[in-house]
Amino acid sequence: MQALAASVAVVLAGLAVLWQATDGGQALTAERARRLTALRDMPAVPEVVLETMTGTPLPLGGPTKRATLVEFIYTTCPTICQAAGAEMARLADDVRAAGLDESVRLVSISFDPGRDDPDALNAYGEGHGADGALWTVARPDPDDLPALLATFGVVVIPDRWGGFTHNTALHVVDAGGRLRAIVDYDDPAAALTALHGVVQ
Amino acid sequence: MTLPRLSLAAALIAAAWVFRAPLEADPVTHILVQLPLLALAGALLPGARGTGGAWNRGGWAMILTAIFAMAFWMLPRSIDAAVSDPAVAASKFLSLPLLVGLPLRLGWPRAHPLLRGFLKAQALAMLGVLAFLYTHAPVRLCNAYLAEDQVRLGTGFLATALALAVLWVAPLLGAQGAAAPARRHRSVS
């Protein structure tokens, strides 16, 4: 009887811990967890000033006129960022077609600000068709980078060829400076739906 | 007897801590070396008084404790958090000895042989599932590790399953060989 009671207590405690650790069975991975956090907690993006491909300052976080779609890149990236750049170009077209270009801006942020100076950002932007108005490429101050990556839940690790691997995605920030949604980088339809949701 | 085992347990935990940077840099050594080292350290700890009580009959409560703690550390997000969050890292160094290794040692000897056999079969099956998942998943399961390291970890799970299968099956073959003459002896007399 005592053994049964002890076992039942262990099972209940164990299930409670696992329930807590997986957000009620919804998120077994950190990637899924950060997407849930964006939808549920709407974390505030740090108020920082980025430097764009034209060398002009661009505020991120805090109240802004337009909602912002953020992706993270580094310009010397050979593979996935090139694909992500093509997807971003397609998304820019979709945003224009949906008539959202007055209420939405697209920003590709470099997590390698040491190497990605405005010239490198500009070359990347021109290569992928960023016009600098609807879609711009920018870099943060290196001191702001850790807080920025932590808020978005972006983890950058070195690959074995001198580049980086990171959890590539599209991040929707509303005009109040809050992270509201994270969707797959190759799912512009989901990004557009999320943008519609935060733009009135 | 207690003191050398206690020192060995402390040495294992110290080694897992001191070498955590190189061990955690690769998911294969993180999952298949560091975590088992910590659990082994817990298994060497002297058992608290009273663990032979009625509440631990059949070892069920202790074995279930270990199973739930292992389930927590099988979540990819737990491993990611152990690398990025110092509080979760600390909980790893506490929970694997105290909630996996120690309870397994206190529960296993009291478990019915049928339950032990079932748990061994489950462990092999689970490692097989993990091996398939980690070698075939189309996405990265841990943000802290590369896709090719994930595949190597899957292969590591498979190798562990095979090694455990050999380890657990070999004594059975040996016992059969030894038991057979004994039975003949009995039947003759």
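A salt bridge here is a side-chain nitrogen of Lys or Arg within 4 Å of a carboxyl oxygen of Asp or Glu. With that in hand, I opened this predicted model and went to the interface.

**Entry: a charged pair**

I looked up B:E148 and found that it forms a salt bridge with A:R160. Their closest N and O atoms lie 3.8 Å apart, and the pair counts because the cut-off is 4 Å. I then asked how many salt bridges there are between chain B and chain A. The count is 3. For polar contacts across the interface, I noted 6 residue pairs, with both residues at pLDDT 80 or more.

**Entry: who touches whom**

Next I checked which elements of chain B give two or more residues to the side that touches chain A. They are α4 (60-74), α5 (76-84) and α8 (147-188). The largest share comes from α4(B), with 7 residues. By type, I sorted this side of chain B into 14 nonpolar, 2 polar and 7 charged residues.

The contact takes 23 residues from chain B and 29 from chain A. Together the two chains bury about 2100 Å² between them, and 66% of that is on carbon and sulfur atoms. I was pleased to find three names to remember: B:F68, B:R77 and B:N143 supply 34% of the area that chain B buries against chain A, more than any other three residues.

**Entry: helix α5 of chain B**

B:R77 sent me to α5(B), where it is one of the buried residues. This helix is mostly covered, with 7 of its 9 residues buried. Besides B:R77, I listed B:P76, B:S78, B:I79, B:D80, B:A81 and B:A82 as buried.

**Entry: helix α3 of chain B**

At its start, a side-chain oxygen of B:D26 comes to within 2.8 Å of the backbone nitrogen of B:V28. I marked several of its residues as buried, including B:V28, B:I31, B:L35, B:L38 and B:G42. Residues three or four places apart on an α-helix point the same way, as a turn takes 3.6 residues.

**Entry: chain A as a whole**

Last, I turned to the partner. Chain A has 6 helices and 9 strands, and its C-alpha trace spans about 75 × 45 × 30 Å along the principal axes. Of its 200 residues, 50% count as buried.

Methods
Residues are numbered from 1 along each chain as its sequence is written. Chains are lettered from A and ligands numbered from 1 in the order in which they are written. This is a predicted model: local features need pLDDT of at least 70, side-chain atom pairs count only at pLDDT 80 or more; totals for chains, interfaces and linings use all residues. Side-chain values use heavy atoms; hydrogens and water are left out. Buried means under 20% relative accessible area, exposed over 50%, partly exposed in between (1.4 Å probe, protein chains only). Helices (H or I, at least four residues) and strands (E, at least two) are DSSP runs, numbered from the N terminus. A polar contact is a pair of N or O atoms within 3.5 Å; within protein, one must be able to donate a hydrogen and the other to accept it, and residues adjacent in sequence count only if both atoms are side-chain atoms. Contact means heavy atoms within 4.5 Å. Buried area is the accessible area (1.4 Å probe) that two parts lose on being put together, summed over both. Ala, Val, Leu, Ile, Met, Phe, Trp, Tyr, Cys and Pro count as nonpolar, Asp, Glu, Lys and Arg as charged, and the others, Gly among them, as polar.
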